[in-house]
2 protein chains.
Amino acid sequence: MTSPAAPQQPSDERPRRVLIVTAHPEPRSLTAALADFAVERLRSAGHQVRVSDLYAMKWQAALGTDDFPEHPADARLEVLAAQGEATRAGRLAAELAAEQEKLRWADAVVFQFPLWWFSVPAILKGWIDRVLTFEFAHGPAVPPPYSEGALGGKRGLLAVSAGARESAFSDRGVHGPLADLLFPLQHGVFWFTGMAALEPFAAYGAAGLPEEGFEAVAEAYGRRLDGLFTEPPVPFRRLDGGDYGRDMRLREELERPGASGLELHTR
Amino acid sequence: MTSPAAPQQPSDERPRRVLIVTAHPEPRSLTAALADFAVERLRSAGHQVRVSDLYAMKWQAALGTDDFPEHPADARLEVLAAQGEATRAGRLAAELAAEQEKLRWADAVVFQFPLWWFSVPAILKGWIDRVLTFEFAHGPAVPPPYSEGALGGKRGLLAVSAGARESAFSDRGVHGPLADLLFPLQHGVFWFTGMAALEPFAAYGAAGLPEEGFEAVAEAYGRRLDGLFTEPPVPFRRLDGGDYGRDMRLREELERPGASGLELHTR
């Protein structure tokens with residue numbers, strides 16, 4: 001029997017599979033350097049890594065009828081219905097099916113991107129819009145809490161670089177707390193599709209980041225990558241645990257005194 | 001002298017200029033119908049209206065070297081520097097210059113879009129990423145509070161349609177309050193560029209919106225459009241009024257008891 005004082009083993013250190021989706025037009029950018037660093041770090045730890053470098057792939061950002069090669073030219077495009085039908089029938093455009101196969105393969109997904117206008121670059125938004133189709137990532141065939149869907153249980157990490165200083169994204173920072181700015185991704189994409197969102201990793205002051213600055217950022221990023229499968233995720237509430245009512249609102253008695261806005265959705 | 005009891009005239013009812021940027025792949029979508037409705041409503045009120053229909057324009061979403069035709073092929077692309085140089089020199093790609101001209105012309109900007117993954121469709125994010133260049137919309141030549149920039153003082157309205165019910169976007173709604181989800185656009189895009197953000201207009205339950213439902217949505221939207229130049233904007237705090245310190249954080253003494261997170265940034 002293990003003594004309570006014995007060092008705790010991280011819950012899971014076996015080799016796993018990681019998909020890195022990275023989005024920057026410049027191969028010599030900080031974003032590209034951090035993506036390369038992540039690939040090496042994760043492979044050194046024994047993990048398998050695949051990379052979707054969206055600019056290198058010339059990824060089409062705009063969702064449209066191209067996504068559904070068998071969509072009749074004169075038929076009205078209803079996005080969710082078209083996604084659902086093509087997903088069920090295995091008739092999505094080949095590049096979407098290829099990305100979905102990478103997602104099924106992966107145990108964790110890392111989005112590596114510069115914070116442009118307080119969100120992901122358009123090319124990465126287009127990957128989200130087009131790849132996370134209805135009835136693949138969410139939807140009635142995969143009912144809430146979606147954790148039974150294709151992405152359920154996988155881990156999700158946002159790794160962002162931002163030009164501004166950390167204080168601007170702090171509790172009283174002018175741009176809002178980073179966790180709140182990224183809520184549409186952390187909760188709207190990761191949590192919504194049944195994934196476990198980790199705290200975002202952020203490199204601040206990226207515009208002027210000097211060579212020696214990179215070492216410090218990489219060291220901090222490396223520690224986060226080392227914990228990719230062991231770190232506790234953000235404790236968002238559960239859709240299947242009765243935290244929310246049938247009106248999709250948090251039950252009133254679960255409101256914590258003093259908490260408001262987006263904070264309510266963590267335990 | 002006017003009696004204090006006399007009815008107040010709206011502050012400004014003279015004809016103005018409105019740019020509507022709309023983003024949906026289907027010309028028979030609710031988004032397209034609402035954009036058409038807005039054009040008619042605003043023209044009936046005597047305003048001039050121009051429309052950037054991004055799918056019809058086959059708008060390129062991904063920011064890249066295409067934006068800067070004179071960028072040397074072998075030079076490293078640093079996005080802000082490249083935007084700033086091309087903006088100052090008048091050497092942006094023609095489609096970017098054309099959109100900037102529309103923005104300079106406009107007194108108000110309406111973004112008409114479906115809420116995809118709790119944000120704008122990729123094609124509209126790509127319009128924001130590419131058109132709102134450094135030293136046009138923000139940046140050292142246009143220092144904070146940016147209200148002296150090209151966009152300063154213009155009004156901004158987000159007009160969204162969402163598949164889910166309104167309760168899911170309410171105070172305790174599972175997706176977060178709509179104002180918080182849209183903060184990266186309301187505060188990150190409109191406020192940051194010196195624009196006056198109005199409360200967003202939202203059509204909920206859009207997926208199943210029946211024909212008779214459209215009338216009610218259009219009526220509510222029409223009332224908002226009628227107030228486009230008279231409605232008080234969201235009272236975000238001022239960057240030039242001393243509300244924020246040099247560290248870009250809200251001064252501690254301005255924290256309202258009970259307010260937290262993104263709420264802090266309104267008066």
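How many salt bridges are there between chain A and chain B? In this predicted model, the count is 2. In one salt bridge, the side chain of A:R249 meets that of B:D171, with an N to O distance of 2.7 Å. Polar contacts also cross the interface of chain A and chain B, in 25 residue pairs, both residues being at pLDDT 80 or more.

On the side of chain A that touches chain B, the elements giving two or more residues are α4 (122–131), α5 (178–181) and α6 (183–190) of chain A. The most comes from α4(A), which gives 6 residues. By residue class, this side of chain A holds 32 nonpolar, 18 polar and 17 charged residues.

The extent of the interface can be given in residues and in area. Contact involves 67 residues of chain A and 67 residues of chain B. Between them, the two chains bury about 5300 Å². Carbon and sulfur atoms carry 60% of that area. Within chain A, the residues that lose the most area to chain B are A:W117, A:R172 and A:V174. Together these three make up 19% of what that side buries.

The nonpolar cores were examined next. The largest has 124 residues. Its members that touch the most other members are A:F111, A:W127, B:F111 and B:W127. Leaving aside residues up to four places away in sequence, A:F111 touches A:V21, A:L124, A:W127, A:I128, A:L157, A:L158, A:A159 and A:F190.

How values were computed:
Residues numbered from 1 in each chain as written. Chains lettered and ligands numbered in written order. Predicted model: local features only at pLDDT ≥ 70, side-chain atom pairs only at ≥ 80, totals over all residues. Heavy atoms only, no water. Contact = heavy atoms within 4.5 Å. Buried area = accessible area lost by both parts, 1.4 Å probe. Salt bridge = Lys/Arg side-chain N within 4 Å of Asp/Glu carboxyl O. Polar contact = N/O pair within 3.5 Å; in protein donor to acceptor, adjacent residues only side chain to side chain. Helix = DSSP H or I, 4+ residues; strand = E, 2+ residues; numbered from the N terminus. Nonpolar A, V, L, I, M, F, W, Y, C, P; charged D, E, K, R; others polar. Core = buried A, V, L, I, M, F, W, Y, C linked by side-chain atoms within 4.5 Å. Buried < 20%, exposed > 50% of the residue type's maximum accessible area, 1.4 Å probe, protein only.
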